[in-house]
Amino acid sequence: MVIQVIEPTLNKQGPKWKDTLQFKQEDDERLQLSDLPTIAERQNELREEIQRVLETVTRQISRLSK
């Protein structure tokens, strides 16, 4: 599989897999490198919000069980 993935120039035989599809990854021009810090910040904000919600739910469940 590695030989097929890296496609060395001297590999003339090719793959022997039947009924397979080849996919190539392309860069998405809509996503810029400058967006990555913003995405990471948003992920952290969402993580913190989820944590706050879980803490609230845990406290409410604790009160109900008393």
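Me: Which residue does Arg52 form a salt bridge with?
Reply: Arg52 pairs with Glu49. This is a predicted model, and in it the closest N and O atoms of that pair are 2.6 Å apart.

Me: Where do Arg52 and Glu49 lie?
Reply: Both lie in helix H2, 3 residues apart, which is about one turn of the helix.

Me: Why does Arg52 count as partly exposed rather than buried or exposed?
Reply: Its relative accessible area is 44%. Buried means under 20% and exposed means over 50%, so Arg52 lands in between. Glu49 is partly exposed too, because its relative accessible area is 38%.

Me: OK, how many salt bridges does the structure hold?
Reply: There are 2. Besides the Arg52 pair, Arg42 forms a salt bridge with Glu45.

Me: What's the distance there, between the closest N and O atoms?
Reply: For Arg42 and Glu45 it's 3.3 Å. These two also sit in helix H2, 3 residues apart, again about one turn of the helix.

Me: And how accessible are Arg42 and Glu45?
Reply: Arg42 has 47% relative accessibility, so it counts as partly exposed. Glu45 is partly exposed as well, with a relative accessible area of 42%.

Me: Switching topic: which residues make the nonpolar surface patch?
Reply: Leu31, Leu36 and Ile39 make it, and the patch covers about 260 Å².

Me: Where's Leu31 in all this?
Reply: Leu31 is in the loop between helix H1 (2–6) and helix H2 (35–65). Leu31 counts as partly exposed because its relative accessibility is 47%.

Me: How many helices and strands are there overall?
Reply: The protein has 2 helices and 0 strands.

Me: What share of the residues count as buried?
Reply: 0% of the 66 residues. Being buried takes a relative accessible area under 20%.

Me: Last one: what does the accessible surface come to, and how much of it belongs to carbon and sulfur atoms?
Reply: The total is about 7200 Å², and carbon and sulfur atoms account for 55% of that surface.

Definitions and conventions: Residues numbered from 1 in each chain as written. Predicted model: local features only at pLDDT ≥ 70, side-chain atom pairs only at ≥ 80, totals over all residues. Heavy atoms only, no water. Patch = residues over 30% accessible without salt bridge, like charges linked within 9 Å, V, L, I, M, F, W, Y side chains within 5 Å. Areas by Shrake-Rupley, 256 points an atom, 1.4 Å probe, with all protein chains shown as cover. Salt bridge = Lys/Arg side-chain N within 4 Å of Asp/Glu carboxyl O. Helix = DSSP H or I, 4+ residues; strand = E, 2+ residues; numbered from the N terminus. Buried < 20%, exposed > 50% of the residue type's maximum accessible area, 1.4 Å probe, protein only.
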